[in-house]
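User: I am new to this structure and would like to learn how to read its features. May we go through them one at a time?

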Amino acid sequence: MTFRADLHCHSTCSDGSMTPRELVLHAKEMDLQGLSITDHDTIEAYKEAIPFAKQQGIELIPGIELSSMEQGMSVHILGYSFSLASPVIEHFCTQHSQRRKERNRAILEKLANNDMPIDEEEILGAASVGRPHIAQAMVKHGYVQNIQEAFNKYIGEGKRCYVKGNAFSATETIDTIHQAGGFAVIAHPHLVRDKKTIKNLLKLNFDGIECYYGNFPPSRHQKWIDIATNKGWMITGGSDFHGDIKPNIRLGCSWVGEDTFRILQSHEPNH
Ligand code: AMP
Ligand code: FE
Ligand code: FE
Ligand code: ZN
């Protein structure tokens, strides 16, 4: 069997619909041999996932998807193979949790001002609470028909009830991943619409680019593969599986082979 590893997916610790254990089982079901769970701003999934993956024969590498800001634009950065015990990462995640709490409150306030009140308690539960949880509560209240409508009309970037929040800069985020001994990878550049943002990101001290992403066709991968190759950066990939929250994305729809997986698994980045 060809070795395939999905390096981008979310659990119930952030905005995925499967628990870390369910994700590991699902990886097996989808014939994957390797996995990285990249929850937004939390590594909570690994407590449960590490022993369970070992038991199930799935190879797991530490991962996280960190929210950051580059010149006012929201940018996601993937961290891999850092030390899960690193106090630097732990502190960073704690700060993100506080940032999210304040930002979520600000979003709920805007929603309330637009006659869509939601209690803060309704969205709590996950280690990392974000807009998808707010969108789910909006659906429950009947304010919108579905999650997509919540983003399109109210809480998507730039919409009426959107709040940017104070994320860390891309540079601070990369430095934190490096301090914890990890690789810093530009997440889904395919989704970054602003050319200037990409240009700025490519000047930073990244170790890789997520060239294979979600359901994007091979024609959309090549550009990023060429850029990563020119820079001597790693070429990574993953599905960005969220379960029911994004029902058209299958776990393993984008993946990396054994070579890439082993490099991430065994090498410390050079910087
Ligand atoms: P947050 O971390 O709270 O800013 O929420 C970001 C998450 O919301 C992303 O990782 C996606 O899962 C989801 N999301 C962001 N923008 C959209 C959108 N336009 N439509 C649907 N989901 C979105
Ligand atoms: Fe998400
Ligand atoms: Fe993302
Ligand atoms: Zn993601």
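User: Which residues are around ligand 1?

Analyst: In this predicted model, the residues around ligand 1 are D15, H40, H76, R100, R103, G130, R131, P132, Q148, F151, H242 and K246. At least two residues of this shell come from each of helix 3 (87-113), helix 5 (131-140) and helix 6 (147-155). The space that ligand 1 takes is the largest pocket.

User: Which polar side-chain atoms lie close enough to ligand 1 to count as contacts?

Analyst: A polar contact is a pair of N or O atoms within 3.5 Å. Among them, a polar side-chain atom of D15 lies 3.2 Å from an oxygen atom of ligand 1, and an N or O atom in the side chain of H40 is 2.9 Å from an oxygen atom of the ligand. For Q148, an N or O side-chain atom is 3.1 Å from a nitrogen atom of ligand 1. On its own, ligand 1 has 500 Å² of accessible area, of which the protein covers 77%.

User: Which residues coordinate the iron ion (ligand 2)?

Analyst: Donors are N, O and S atoms within 2.8 Å of the metal. Here D15 (OD), H40 (NE2) and H242 (NE2) coordinate the iron ion (ligand 2), at 2.1 to 2.3 Å. Their spacing in sequence is D-x24-H-x201-H. The pair H40 and H242 links distant parts of the chain, 202 residues apart. H40 is in the loop between strand 2 (34-35) and helix 2 (45-56), and H242 in the loop between strand 9 (234-238) and helix 10 (258-266).

User: Are H40 and H242 buried or exposed?

Analyst: Buried means under 20% relative accessible area. H40 has 9%, so H40 is buried; H242 has 3%, so H242 is buried.

User: What distance separates the iron ion (ligand 2) from the iron ion (ligand 3)?

Analyst: The two iron ions, ligand 2 and ligand 3, are separated by 5.7 Å.

Methods: Residues are numbered from 1 along each chain as its sequence is written. Chains are lettered from A and ligands numbered from 1 in the order in which they are written. This is a predicted model: local features need pLDDT of at least 70, side-chain atom pairs count only at pLDDT 80 or more; totals for chains, interfaces and linings use all residues. Side-chain values use heavy atoms; hydrogens and water are left out. Donors are N, O and S atoms within 2.8 Å of the metal (3.2 Å for Na, K and Ca); water is not among the atoms, so sites may look incomplete. Helices (H or I, at least four residues) and strands (E, at least two) are DSSP runs, numbered from the N terminus. Buried means under 20% relative accessible area, exposed over 50%, partly exposed in between (1.4 Å probe, protein chains only). A residue is near a molecule or strand if one of its heavy atoms lies within 4 Å of it. A polar contact is a pair of N or O atoms within 3.5 Å; within protein, one must be able to donate a hydrogen and the other to accept it, and residues adjacent in sequence count only if both atoms are side-chain atoms. Accessible areas come from the Shrake-Rupley method with a 1.4 Å probe; for residues, only the protein chains shown count as cover. On a 1 Å grid over the protein atoms alone, a cavity is a set of points where a 1.4 Å probe fits but cannot get out, and a pocket is an open set with protein on both sides within 12 Å along at least five of seven lines; lining residues have an atom within 4 Å of a point. A molecule sits in a cavity or pocket if more than half of its atoms lie within 2 Å of its grid points.
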